[in-house]
Amino acid sequence: MKTMWHYVMKQKSMLVLNLVCAFGFVIIELGLPTLLAKMLDQGVAKNDFDYVKQIGLIMIATILVGIVLYLGLAVVGARLNTRLVRDMRTDMMDSIQDLSHQEYEKLGISSLITRITNDAYQVMLFMGMILRIGFITPIMFIFSLFMIVRTSPSLTYFVLGALPFLLGGIILIGKKSGPLSSKQQSNLDNINMILRENLTGLRVIRAFVNEKFEEKRFDKVNTDYSESSKKLFKLMAVAQPAFFFLFNIVIVLVIWFGIVQIDNSQLEIGNLIAFIEYIFHALFSFMLFSTVFMMYPRAAVSAGRIQEVLDIEPAIKDGTMEIDEAATNGVLEFNNVCFAYPGESESPVIRDISFTANPGETVAFIGSTGSGKSTLVQLIPRFYDVTRGEIKIDGFDVRDYPLKTLREKIGYIPQKALLFSGTIAENLKYGKSDATEAEMLEALDIAQATEFISQKELGLEEPISEGGSNFSGGQKQRLAIARALIRKPAIYVFDDSFSALDYKTDATLRKRLKKETTQSTVLIVAQRVSTIMHADKIIVLNEGNVVGTGTHRELLQSCSIYYDIASSQLTEEELA
Ligand SMILES: Nc1ncnc2c1ncn2[C@@H]1O[C@H](COP(=O)(O)OP(=O)(O)OP(=O)(O)O)[C@@H](O)[C@H]1O
């Protein structure tokens, strides 16, 4: 409720307008039966047709005002509701942008997607109800009850007698629907997860002819979701017939005893008709309001899931030190760095690593798969923070840098080249928003991408599909390299970024890079010895430990692990 209230209070003027429309509508709705009773008892019964006409005109005017106010209520409510859900989604998106990888992994990407889409939608449905009927119904109920008591105190007991049953039912449904809603939303997370995996991994599924297996996996989560939904809908479905059953009993009793009172001249027929109308309004508003209550647990679960995202304190916090960017040039130091992934603290992935990389130098990392190479370079832009030790850039701990300043210094090219839907130019501008066409063409030239882009009909304006699926792996890697080159950072981090290139392109690209990066610090993670053999310093990793440091030549002599890797890839002459 705190979440919803926070967003509603941001739109105070709309809220007041909503309340005015609701209040006006109630007065009109309840005014009509009162006018009708007057028309029947004082006009029709006494054959005073002027009075009937007069009341009739007032009734028409009342209806017209009622329609305008009801329309106003619908328009204001819809505007207010869409605005508050828009704000909620924007805040969640802002919050998600600040999350560290640790939190992404904890919540799960699919769950985050469900929260920002379906959970926000559930809250929107609930708020829509509150704004449309949540305001009208309590006012309507209180006014109707007042009119009921005023019209016939003795018949009021039948209405009051029905209320405890209604109240009990609402509480029962509210209690049961909370856990069911929670289950339903987490089942929806699972559906999204399987769906996401299936859609992104379609080629693997087809290659392994695993469509049936995946269908079964999806069928299971889909059935779980429909089971939890079925239980919830059943619960809601029972509520309405039960209410109408109760409502009809009350009406029958009121008509029965009302006729007796008319017979005894204790009640007039117009008043009985108005009384029935008031009962309808009173009980119907009560029932509508109870629907709001019944929907509340579900919306509360969704709002709680949204609040959970908004409340997360990112583990990676912005540094506050003011750093003169002009005075920095990219000296990178690792001092006794240790790192363990959160939750797996017993087994560090990086163990006590120290090295220095200076501008103009290329430092390469090689080692078996899982030896910690990618983890190590991800510590530099602070995707994770070191568990022990420190990483310094130009003498300052990376944790002291404002994240923006730190990350702007680094051109990071991830292991899996990721492009965004848009055009080639838009993707390059991701590296530098004000990049000129000449800068883009130069970056593409260095990244050896000119040739394949010149073959594209639209050149820089060639569209890139979702995830870059209309480009080959090697083309994507070259575009990702160009995207980093364009910002001319102080430190380049190539995380196995040449793996999809053929040997010739790999060699030409590195030659061009060498010329381009004379003032920058270059870190290269690679599996291929040929990619890194000309590096100024090669660091060999094994199970998170440095087992060798030196040039290619030095390591062939001094590091057996490096020799084994090199001898499995190079010819005898190359090794000699
Ligand atoms: N997000 C993560 N959470 C927990 N453990 C992880 C995570 N990412 C990697 N690891 C573990 O950390 C270790 C090092 O992984 P890393 O990706 O750094 O290795 P790598 O040397 O780059 O491997 P490769 O050459 O295959 O890319 C592995 O044992 C891996 O299982």
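Which residue in β12 does Leu541 stand opposite?

1. The model discussed here is a predicted one. In it, Leu541 stands opposite Val546 in β12. This pair belongs to two strands, β11 and β12 (residues 545-550), which run antiparallel and are joined by 5 bridges. Together β11 and β12 form a hairpin, and 2 residues lie between them. In the turn, Glu543 has a positive phi of about 45°.

2. The parallel partner of β11. Strand β11 (residues 537-542) is also joined to strand β3 (residues 362-367) by 5 bridges, and here the strands run parallel. Across this pairing, Phe365 stands opposite Ile539 in β11.

3. The open sheet. An open sheet is formed by 4 strands in the order β2-β1-β4-β5, with antiparallel pairing. Its edge strands, β2 (350-357) and β5 (396-397), each pair on one side only. Strand β1 (residues 332-339) pairs with β2 over 5 bridges in the antiparallel sense, and Phe334 stands opposite Phe355 in β2.

4. Two helices. How do helix α9 and helix α10 lie relative to each other, roughly parallel or roughly antiparallel? The axes of α9 (residues 211-263) and α10 (residues 269-311) come within 11 Å and cross at roughly 160°. Angles over 145 degrees count as roughly antiparallel, and α9 and α10 are therefore roughly antiparallel to each other. The crossing in which α9 passes α10 is right-handed.

5. Annotated segments. An unreviewed UniProt entry places the feature "transmembrane region" at residues 55-80, 123-149, 155-174, 235-260 and 272-296. Two of these segments may be checked against the model. Residues 155-174 are 100% helix and 0% strand, with the end C-alpha atoms 30 Å apart. Residues 235-260 are likewise 100% helix and 0% strand, and their end C-alpha atoms are 39 Å apart.

6. The ligand shell. Which helix gives the most to the shell around the ligand? It is helix α11 (residues 373-378), which contributes 3 residues. There are 13 residues around the ligand, and those that come nearest are Tyr341, Thr369, Lys373, Ser374 and Thr375. By class, the shell holds 8 polar, 3 charged and 2 nonpolar residues.

Notes. Residues numbered from 1 in each chain as written. Predicted model: local features only at pLDDT ≥ 70, side-chain atom pairs only at ≥ 80, totals over all residues. Near = placed C-beta within 6 Å. Nonpolar A, V, L, I, M, F, W, Y, C, P; charged D, E, K, R; others polar. UniProt positions renumbered as here; feature names shortened; annotations may be inferred. Pairing = 2+ DSSP bridges. Axes fitted to C-alpha atoms, helices over the stretch in contact; angles between N-to-C directions. Parallel < 35°, antiparallel > 145°, perpendicular 65-115°, else oblique. Left-handed = near helix turned anticlockwise from the far one by under 90°.
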